[in-house]
Every structure is written in structure tokens, then in C-alpha cells.
Protein chains: 2
Amino acid sequence: MIKSVSIIGSGNVATHLAKVLYDHGIEINQVYSKSLKNAKKLANNVRAGFTDDLAGIKPNSDLYIIAVSDDVIEKVVKGVSIDTKILVHTSGSVNIELLNQASKNYGSFYPLQTFTKSVEVSFETIPMCIEGSNKKTENELTALALSLSSNVNKISSEQRKKLHLAAVFACNFSNYMQIIAEDLCEENNVSFNLLKPLIKETFEKGSSLLPSENQTGPARRGDHKIMQKHIDLLANKQELKEIYSLMSNQIIKKYKS
Amino acid sequence: MIKSVSIIGSGNVATHLAKVLYDHGIEINQVYSKSLKNAKKLANNVRAGFTDDLAGIKPNSDLYIIAVSDDVIEKVVKGVSIDTKILVHTSGSVNIELLNQASKNYGSFYPLQTFTKSVEVSFETIPMCIEGSNKKTENELTALALSLSSNVNKISSEQRKKLHLAAVFACNFSNYMQIIAEDLCEENNVSFNLLKPLIKETFEKGSSLLPSENQTGPARRGDHKIMQKHIDLLANKQELKEIYSLMSNQIIKKYKS
């Protein structure tokens, strides 16, 4: 059973994980950050020691959580000395095999949510994606995850990468679609607020239906007259015309069959 | 003051408008539909007369609301005889001038929301977009709209068309982005439900922030390594690669400046 944890990193994910583990009675041994100031700040919140030296990470924790940006994970793996303790990362995109030089017990402990340091989140409903290099490690990680969240899932590295990619479409790109709408409103002196009830309705309906059951609009209806009007309205905005056509054609194709 | 209304159409918008007006003490004189059955069905719900003959629409209402698909509006305008009574349509994309052959008092009465016949909506918060061919008409329409909703806005035909276009990006295309995510999940045997908390968080944050303040993800961070990994993951899905690149490049450009 995992009773003590060291946190490697001091960013959004590191901060939220350290706090929620601490709140659930897990001992936070040590916080590492390349910035001593940041390490100390987080450590003080969870009654932990702190260091800015990878070689200074002590080997007495049950679990080491690497919550740093993807590019830095390898450097951490090469710098730590943790024997057979469990080592995990929290990345959506990195294969767990990258961790196998540091311990034979390694895995993924990936909370599928966006974090902002200053915004409280309830871990209770956050999907935790777990993978372990062996059964025992996976069971230990699953038990720890279940103490934080009721939504714990065994997800392979391949599945996790695809989930992360899917999240880019579902969240990042759909937010960008709303930025386009925001810009169109601003240009025409209408408030973006006018669209908010419609957006809310779309995504609230969407939460009970699958998106594929929730598609509406001119392309869904095959209303080519309106689509042509819209493309004309976009006038000399070449890139928006391209996005409009590409998306509309995809929707038409999806529902034709 | 508008006390009596005739409804031309029996679809989603016609149904919801007829009911909410009736519930607010407005007399519904008559319902027209090209299907007598549909006209009768809606009319019975709002204690109105009904007809399937444009020439049978009586000229004794204060207001005539055309709530039919865009293509059919002109046919209705040519078929009705309403003297100087007010004539409006509920379309997002049609100029109000199309109505000027039927009356000198005309305009737009556009509820900016998606409607499904069977789903109750509260009009109280629906943005009503009002335009009138003259001041008196505009005032009458505004007063009527204010009796239904606290969110009433004077919007020109040009603005209304751009709003409708913006809504296609904000709602229809962002829903399609979620369909792509749904498909990627299905292919990889992970449940789309795993993404729902993240989507919820994105759009709840989004409701207090503007979308342009809410953009996250690899393109926003300029993380070219991850973007390349994602494009590689999309393998032979040529169209998804194209969407991925187009959206990412737009986001990079937006935040570079």
C-alpha cells in the first residue's frame, strides 16, 4: 500500500496532486523543483521537505510522481535513484517505457483534466488513467487512485495517447471554434454573450447525448444555399472559408451514409 | 400593443413561439401549415383556428410570425394578404426586406436558440433579436419580446446573418470536433465518457471567460513535438491531419502576436 509520495515538479498538475494526496492522508515526503523557491512553496503547503537537486531526492517514498513537462521527463528519469520504488509520470503523451531505466516498477498516473493552480478542482469525478509495468504496481496505483476518485480506468500507453489527441479535438479545437465566433461578433459589434445560451444548450444536450447524436446546423441538414451564403459572408477571410468548407464537407460526408 | 398573433408554420420554432406567447396571455388567432394535420395539432394546443391555405389566413391579427424554412418565406410573403399589420420572420439568415411586399410594417423576431419540439425551453434567458422596418414596428416587437425574455436586442439584418454564421462555428463545428473525439475513442476502445469532465470544465470555464482567454493545449503552448506526435498518430486519416494542422496553425498565429 502506498503511504508516502515524493512529487517531482511544482506546476499545475504537481500542485493539485500533492494537495489532494496530502488531504487524503498520504504523507508527502519531498517536493523537487528546479526552482528551489517553487519547491519550497509547494512543500510548505503539504508539510514536505524540498530540494532543487535531482540527486537530493531521497529513496524512502513508496511512490515517485513525475509531473513535469514531457520534454524533461527523461532527464528526471536519468537523474533519480529510487531502487525498486514505484515511479510514474502524469503525461498524456509519453510511453511508460521511458521510465524503465529508473525502476522495474513504473507506470502512468494520469488525471484527465485541465488544471489551473489557483482554481480548486474536485478530484472525485476526475477520470484517473492508470497503467503499471506489472500487476502489483498496477494494483497499488489503482488503489491509490480509487482513494482520490471514483472514476479510475486502466488505460494503455497507446490508448492514453489517443485519448490525449481526442481531447485536443474535443476541447482545444472546439474552444478555437468559439474564438472564431467571438471574433466574428466583435467585428460586427454584437456581443459574444448573445451566443452563450446557445452554446450552453448545445453542450448541455451534449452531455446526455453522444456528440454524433447532437449534430445540427446547415451542413447536417444539407442546406447548400445557407452554406454558400455563409462562405460569401466570409468574403476575404480565406482561412475561415477553408475551415468552414472542410468542416461542412466532413459533416455532410458523416451523415450521408 | 400586440394582443393577437397568427403563426405561419408548425415546426420547432413555430411550436415553441406559439406556446410561449399563448402562455403569456397573447391570443393566437390562427395557425397555418401546409399540412392541415400539423396546423390543427398546434392550433389545438393554443386554442387557435387553423388553415392549410395561405389565402385563408385572416387579416385580423396584430402580428403575423413566419416561422418556416428560409426557402419558403418568399412564397408565404406572396401568398398572404395582411394590409398594414406587422409581419416578421424568425430566420437567422434572411434580410427583412424580403417581407416588404406584404406590408410596410415588417421585421425580424429571431430567438437565438436551438429548439426541439419535445424539449421544454425557458424563453426567459433566450436572446431575442429584433429589427423593425420603422420605429413604431420596432417598438411594438421589442415590447412583445420583453414580455417573453429579459434578453432583447436590436440587431440589424447584417448583424443577424453574422451572428448566425458565428453560431455555426461556436456550436455546430465545435460539436463536430467532439464527434472526431468520439470516433477516436471508439476506435481505441476507450469510453468517450472519459472526456466528459474535461469538456465540461472547458465550457464551464468558458462561460465566465471569453474563449480567447480560455485557449489551452499543445498549439497554444507552441509545443511542436506533441503536435508532430499527434499528426503521426493520425496515420492515414488524411482529412483529420488536415483539420489538425489547420486548427493548430490558426491557434499558433493567433497567439504569436
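Q: So buried means under 20% relative accessible area, exposed over 50%, and partly exposed lies in between (1.4 Å probe, protein chains only). Which exposed residues sit on the face of H3(B) turned away from its buried side?

A: Asp71(B), Lys75(B) and Lys78(B). Helices (H or I, at least four residues) and strands (E, at least two) are DSSP runs, numbered from the N terminus. This is a predicted model, where local features need pLDDT of at least 70 and side-chain atom pairs count only at pLDDT 80 or more, while totals for chains, interfaces and linings use all residues. Residues are numbered from 1 along each chain as its sequence is written, chains are lettered from A and ligands numbered from 1 in the order in which they are written, and side-chain values use heavy atoms, leaving out hydrogens and water.

Q: And which residues of H3 in chain B are buried?

A: In H3 (residues 70-79), Ile73(B), Val76(B) and Val77(B) are buried. Down the axis of H3(B) they fall within an arc of 100 degrees, so they line one face of the helix. That arc is taken from the directions from the helix axis to the C-beta atoms.

Q: What do the buried residues of H3(B) pack against?

A: Strands E1 (4-8), E4 (63-66) and E5 (86-89) of chain B, with contact meaning heavy atoms within 4.5 Å.

Q: Switching to the sheet: what's the strand order in chain B?

A: Eight strands run E3-E2-E1-E4-E5-E6-E7-E8 in an open sheet with mixed pairing; two strands pair if DSSP finds at least two bridges between them.

Q: Which strands stand at the edges?

A: E3 (49-51) and E8 (152-154) of chain B, each with a single partner strand, so one side of each has no neighbour in the sheet.
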